[in-house]
Amino acid sequence: MATSRTDPLTLDVIELIGDVVARYHEEYDRAAAAHALTGAQARVLGLLSLEPMPMRRIARRLKCEPSNVTGIVDRLELRGLVERRPDPADRRVKLAAATDEGVRTARQLRDALDFAREPLAELTEAERTLLRDLLRRMLGTDPDV
């Protein structure tokens, strides 16, 4: 039997997901502000601290226009947190990459995000794996599909 999208359990889950997202964004914005960054700048810096990438890929990951990413990277570059460099695989392409200071700042941002980390620590590894797999399935990014 198919579940109605308006059944009480589904509505409860939708509301809880909304609450989680809102609290995550509030905490992320607060952590970013402590470093005089916007939430968007902090998200770009976080991505670039993991690996350098071209603007188009950053835009795809953040689901925004590449022109928005260019402005964000410009501001991070002025702060010395990000630099542009040629892609070794294709010198026509410029990569945005976190500087050493950018990597340190991104680590401090991640360390400040207790909201998600602390409740997740209360779950067993099996529960976290199940939650991850369910979220991937909801987003259509399930590697098993």
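1. **The nonpolar core.** In this predicted model, the largest nonpolar core has 24 residues. Leu45, Leu48, Ile58 and Leu76 have the most contacts inside this core. Two or more residues come from each of α1, α2 (39-50), α3 (55-62), α4 (66-78), β3 (90-98) and α5. The most is given by α2, with five residues.

2. **Leu76 as a way in.** Leaving aside residues up to four places away in sequence, Leu76 touches Leu37, Gln41, Val44, Leu45, Leu81 and Val82. Leu45, one of these partners, is also among the core residues with the most contacts.

3. **Overall layout.** The protein has seven helices and three strands. Read from the N terminus, the order is α-α-β-α-α-β-β-α-α-α. The C-alpha atoms fill a box of roughly 55 × 35 × 30 Å along the principal axes.

4. The protein has 145 residues, and 27% of them count as buried. The protein exposes about 10,200 Å². Carbon and sulfur atoms supply 55% of that area. Take the contacts between residues at least 6 apart in sequence: 46% of them join residues at least 24 apart.

5. Which residues make the nonpolar surface patch? They are Leu9, Val13, Ile17, Val21, Leu120, Leu131, Leu135, Met138 and Leu139. The patch covers about 800 Å². Both α1 (8-33) and α7 (125-139) supply at least two of its residues. Leu135 is an example from helix α7. Its relative accessible area is 39%, so Leu135 is partly exposed.

6. **Salt bridges around Arg84.** The salt bridges come to seven. One of them joins the side chains of Arg84 and Glu77, at 2.4 Å from N to O. Arg84 is partly exposed, at 28% relative accessible area. Glu77 is partly exposed too, at 32%. Both belong to a network of salt bridges that links Asp74, Glu77 and Arg84.

7. **Arg92 with Asp90.** Another salt bridge pairs Arg92 with Asp90. The closest N and O atoms are 2.9 Å apart. Are the two partners buried, partly exposed or exposed? Arg92 counts as exposed, because its relative accessibility is 75%. Asp90 is partly exposed, with 22%.

8. Glu101 and Arg104 form a salt bridge, with closest N and O atoms 2.9 Å apart. Both residues lie in helix α5 (residues 100-112). They are three residues apart, about one turn of the helix. Glu101 is partly exposed at 38% relative accessible area. Arg104 counts as partly exposed at 40%.

9. **The aromatic pair.** How many aromatic pairs does a search of the whole structure find? The search finds one. It is formed by Tyr24 and Tyr28, whose ring centres are 5.5 Å apart. The planes meet at 40 degrees, so the pair is tilted. Why are these two residues separated by about one helical turn? Because they are four residues apart in helix α1. Tyr24 is partly exposed, with a relative accessible area of 32%. Tyr28 counts as buried, because its relative accessibility is 9%, under the 20% cut-off.

10. **Two positive phi values.** Most residues other than glycine have a negative phi. Ala36 has a positive phi, near 60 degrees. Ala36 sits in the loop between α1 and α2. With a relative accessible area of 57%, Ala36 is exposed. Lys63 also has a positive phi, near 55 degrees. Lys63 is found in the loop between α3 and α4. At 75% relative accessibility, Lys63 counts as exposed.

Terms used:
Residues are numbered from 1 along each chain as its sequence is written. This is a predicted model: local features need pLDDT of at least 70, side-chain atom pairs count only at pLDDT 80 or more; totals for chains, interfaces and linings use all residues. Side-chain values use heavy atoms; hydrogens and water are left out. Patches are made of residues with over 30% relative accessible area and no salt bridge: like charges are joined within 9 Å, nonpolar side chains (Val, Leu, Ile, Met, Phe, Trp, Tyr) within 5 Å. Accessible areas come from the Shrake-Rupley method with a 1.4 Å probe; for residues, only the protein chains shown count as cover. A salt bridge is a side-chain nitrogen of Lys or Arg within 4 Å of a carboxyl oxygen of Asp or Glu. Buried means under 20% relative accessible area, exposed over 50%, partly exposed in between (1.4 Å probe, protein chains only). Rings of Phe, Tyr and Trp (its six-membered ring) pair if their centres lie within 6.5 Å; planes under 30 degrees apart count as stacked, over 60 as edge-to-face and the rest as tilted. A nonpolar core is a set of buried Ala, Val, Leu, Ile, Met, Phe, Trp, Tyr and Cys residues joined through side-chain atoms within 4.5 Å. Contact means heavy atoms within 4.5 Å.
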